[in-house]
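Please look over the structure below with these notes beside you.

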Amino acid sequence: MAYIISVNASIIADSGGACPPPASDTCLARTRADLVTATAAACVVACMGMGALANLPFALAPGMGVNTYFAYNLVGFRGSGRVPYRTALAVVLVEGCVFFTLSALGIRARLARLIPRGIRLASAAGIGLFLAFAHVGVGLVGPDPATLVTLSACARTDPETGACEGGRLRSPTFWLGALGFTITAYCAKKGVKGSFIYGILFVTLVSWVRGTRVTYFPNTPIGDTNYSYFKRIMHFHPIQSTMGALSFNDFNRSEVWVALATLLYVDMLDTTGTMYSMAEIAGFVDEHGGFEGDYVAFLVDSASSILGSALGTSTMATYVESSAGIKEGGSTGLTALTVGLCFFGSMFFTPLLTSVPPWAVGPSMVMIGAMMMRTALDVNWGDAGEGVPAFVTMALMPLTYSIAYGIIGGLMVYVALRVPDWVVEAVRWVVKARRSAGGARNQVAEAGGSGGGGDCRSPEGV
């Protein structure tokens, strides 16, 4: 999960943060450094809370996808969007409070249990496919104007058009990442503990060597700057501009409330679905669709978003990378506590952890995606009423690049396939009720008719 430290900081910093427009390079650099510390600090508290209070092996961090929406759709690149950065943080704070209230009242858990079992199982497998597609950091898949995506791993890519140049499968970083994937997969096959770490560590160490075609520090201005920071090894940067940078001044605008509703809906489906998928993988979910500790887990999950907004970042979420710890044998809160301690240490080693290349992390995420496909075996594929919604859920997650859209699509198909049955059952119930009412009237009439011929309209008859 260490990649999130630099990735989230870079994404949120693209919004310009609290820098006055036009944002200077110096202010943006300070903002990114602030967000590196803010991201790690939020992860420390959230993971510690999940481990100590809920006793579950789930790790939390700023949600990928939501942070992109926050930076590029809500605030906009360097503040060009609809909502200022400070107001956007206040939106995240309010959304976290609403989400915490729903969790405390048990509404979130009840809504989560309404998700059919087939869709819950398919969500875990779909998230695995989403992971594989989103983290192909080795560059195997690229854009294509005719087919949308195609085989890539090009030697060079045109920065403007994205066109492949120099031939496909010629990227040296692709082959290095593929070697790391092979190491991870082979170690997993042999049951070696820490197999994910070995693949990442091998690729990272090779990529740190300058003067090679796979180096993470090329001889460019950006490469030189990154290498200078990397050589510091240890460094702690105190938060200067993002902590407490909240403003409620623009809450009278409709864009703010639309953003609040969007974040709440994504949290309700995306993060809740991810948490239940992790619980399915760990074997925690019971026959009623719940799992031990889910109430406290929901409280910690939602409260961490409040903390994240106070530090300057977007909403927090349970991470699908938690499955890596679960696959290594983690089954209690000790796993989350360990992740929290690692994030705490990362606050002092950011030069090293922010230098882990994507082609080192991507292969391990693909491996995790492969392991998450196991839950698809438990779907009743022989029943179209369960199998078809499950397939739609699995397919839409990577194809729409959204976990929430996959769950929504699966639920819509599930309901559509059952509406005719529900209508038939309703008609049968109405007919049965009318027959019962008619039978009761006949019995009353027969009882009145057998009263010795008396006239019902006279006192004697009555």
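1. Helix 6 (117–134) and helix 10 (254–282) each supply at least two residues of the lining of the largest cavity, and helix 10 gives the most, with four residues. Helices here are DSSP runs of H or I with at least four residues, and strands are runs of E with at least two, numbered from the N terminus. On a 1 Å grid over the protein atoms alone, a cavity is a set of points where a 1.4 Å probe fits but cannot get out, and lining residues have an atom within 4 Å of a point.

2. This is a predicted model, in which local features need pLDDT of at least 70 and side-chain atom pairs count only at pLDDT 80 or more, while totals for chains, interfaces and linings use all residues. Residues are numbered from 1 along each chain as its sequence is written, and side-chain values use heavy atoms, with hydrogens and water left out.

3. A search of the whole structure finds one cavity of 30 Å³ or more. The largest cavity has a volume of about 60 Å³, a volume being the space filled by probe spheres set on the points, which are joined across faces, edges and corners. Its lining includes Ala112, Ile115, Arg120 and Tyr276, and the lining residues divide into three nonpolar, four polar and one charged (Ala, Val, Leu, Ile, Met, Phe, Trp, Tyr, Cys and Pro count as nonpolar, Asp, Glu, Lys and Arg as charged, and the others, Gly among them, as polar).

4. The second largest pocket (an open set of points with protein on both sides within 12 Å along at least five of seven lines) has a volume of about 1000 Å³. Of the 34 residues that line this pocket, Met1, Ala2, Ile197, Ile200 and Cys342 are the closest to its centre. The largest share of the lining, seven residues, comes from helix 8.

5. The axes of helix 1 and helix 3 (residues 66–75), which are lines fitted to C-alpha atoms over the stretch in contact, with angles from 0 to 180 degrees between N-to-C directions, come within 8 Å and cross at roughly 25°. Helix 1 and helix 3 are therefore roughly parallel to each other, a term for angles under 35 degrees. Asn8, Ile11 and Ile12 in helix 1 meet residues of helix 3, including Phe70 and Tyr72, where contact means heavy atoms within 4.5 Å.

6. The chain averages a pLDDT (the predictor's confidence in each residue, from 0 to 100) of 83, and 93% of the residues score at least 70.

Technical notes:
Parallel < 35°, antiparallel > 145°, perpendicular 65-115°, else oblique.
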